Amino acid sequence: MAAPPPPANQFVYIDAAALHSVLPFPSLISHLGAGLPAFAAGIHCPHRVSFPLPTAPSASLLLMPSWSAHPSLPYLALKAVTSFPANSPRLPSVHAAVSLFDSASGVPLASLDGSALTLLRTAAVSALAASLLASPTRPPSTLALAGAGALAPYLAEAHLSALPSISRILIWNRTKAKSAALAARLRDAHPGVAVEEADSMDEAVSAADVVSCATGSQEPIVRGELLKHGAHLDLVGSFTPAMRECDDEALRRGRVFIDFEAAMQEAGELVGALQRGVLRREDVAGTLAELAAGSVAGRRCDDEITVFKSVGTAVVDLLAAQLAYETYIATTTKKT
């Protein structure tokens with residue numbers, strides 16, 4: 001994983017199309033699986049900082065820095081996210097960019113499309129966890145997706161990459177037109193996979209081996225009593241204590257893992273369960289880095305239910321930016 005030296009004085013811009021080319025899910029998932037155990041503890045991630053902006057109604061700027069001094073990860077990254085809720089429907093309200101620097105010299109190396117990078121790395125984190133927690137003797141065949149927003153197709157592609165046994169996808173979304181559009185898109189991309197729209201979330205949960213949720217819900221949409229024995233529940237959507245995608249029963253029945261410690265303070269499912277006494281901190285089995293390292297046990301039997309809650313941090317931004325930059329440089333060098 002040693003970084004190649006960048007060409008002298010070459011600063012590169014890696015747009016969304018290039019990111020999709022240099023970060024195919026098999027490579028990105030594998031990179032995170034190796035990089036998190038090796039580097040996560042040594043990556044510095046100060047708390048994100050938010051600034052209100054007077055330039056538009058309710059506008060804000062969010063800054064997320066991270067850096068490493070490890071010789072195999074000699075980078076500093078800064079992700080800047082803008083939120084402009086008053087933008088017109090034709091213009092996204094959230095935009096992001098990642099700036100990458102050499103952490104030894106401070107030399108700027110690259111600018112990357114932050115929105116695409118976030119979608120790719122978020123889906124890859126979920127798929128990595130699913131691959132580590134799914135039953136090896138009873139491979140999952142049915143994936144249920146809750147939500148049909150920007151992240152949903154990425155979650156589908158990442159899980160199909162990490163879990164090739166999946167042959168059926170169920171999609172539930174409150175807005176039927178969006179679930180229909182996503183279903184059509186996935187059918188075109190994967191003619192060998194049966195893609196269906198679920199009439200209800202209960203129906204999707206009851207049938208699925210893997211349930212992946214990416215919604216902004218403040219009320220539980222997954223009822224734990226409906227999870228199949230041996231199911232894996234992936235919770236992506238919530239990132240504040242007011243948001244919640246599953247009920248307490250899902251956490252009672254499941255063995256819980258988190259991406260990073262921040263999930264214990266930011267994820268509504270976990271914050272609420274701790275406050276209600278449903279969950280204790282010691283009930284959380286481990287982090288994704290610990291799981292990938294093998295320092296904590298994953299699934300212990302075929303019938304065990306596993307739950308993975310992610311909130312995302314700049315650690316995975318740095319690792320994904322590393323792979324994107326080094327692959328981009330290597331590819332362009334070969335072409336020249």
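Between domain 1 and domain 2, one residue pair is in polar contact, with both residues at pLDDT 80 or more. Helix 2 (25–39) and helix 11 (314–335) each bring at least two residues to the side of domain 1 that touches domain 2. Please keep in mind that this is a predicted model.

**The two domains**
- The domain assignment of the protein places residues 10–115 + 313–332 in domain 1 and residues 134–311 in domain 2.
- Taken over C-alpha atoms, the centres of domain 1 and domain 2 lie 25 Å apart.

**Contacts and buried area**
- Across the boundary, twelve residues of domain 1 are in contact with twelve residues of domain 2.
- Together, domain 1 and domain 2 bury about 970 Å² between them, and carbon and sulfur atoms account for 74% of that area.
- Of the area that domain 1 buries against domain 2, 47% comes from Phe25, Leu36 and Thr313, more than from any other three residues.

**Charged pairing**
- One salt bridge is found by the rule across the interface of domain 1 and domain 2.
- Glu266 forms a salt bridge with Arg48, and their closest N and O atoms are 3.9 Å apart.

**The domain 1 side, up close**
- Which helix gives the most to the side of domain 1 that touches domain 2? That is helix 2, with six residues.
- Sorted by class, this side of domain 1 has eight nonpolar, three polar and one charged residues.

Key: Residues are numbered from 1 along each chain as its sequence is written. This is a predicted model: local features need pLDDT of at least 70, side-chain atom pairs count only at pLDDT 80 or more; totals for chains, interfaces and linings use all residues. Side-chain values use heavy atoms; hydrogens and water are left out. Domain bounds come from an automatic or database domain assignment. Contact means heavy atoms within 4.5 Å. Buried area is the accessible area (1.4 Å probe) that two parts lose on being put together, summed over both. A salt bridge is a side-chain nitrogen of Lys or Arg within 4 Å of a carboxyl oxygen of Asp or Glu. A polar contact is a pair of N or O atoms within 3.5 Å; within protein, one must be able to donate a hydrogen and the other to accept it, and residues adjacent in sequence count only if both atoms are side-chain atoms. Helices (H or I, at least four residues) and strands (E, at least two) are DSSP runs, numbered from the N terminus. Ala, Val, Leu, Ile, Met, Phe, Trp, Tyr, Cys and Pro count as nonpolar, Asp, Glu, Lys and Arg as charged, and the others, Gly among them, as polar.
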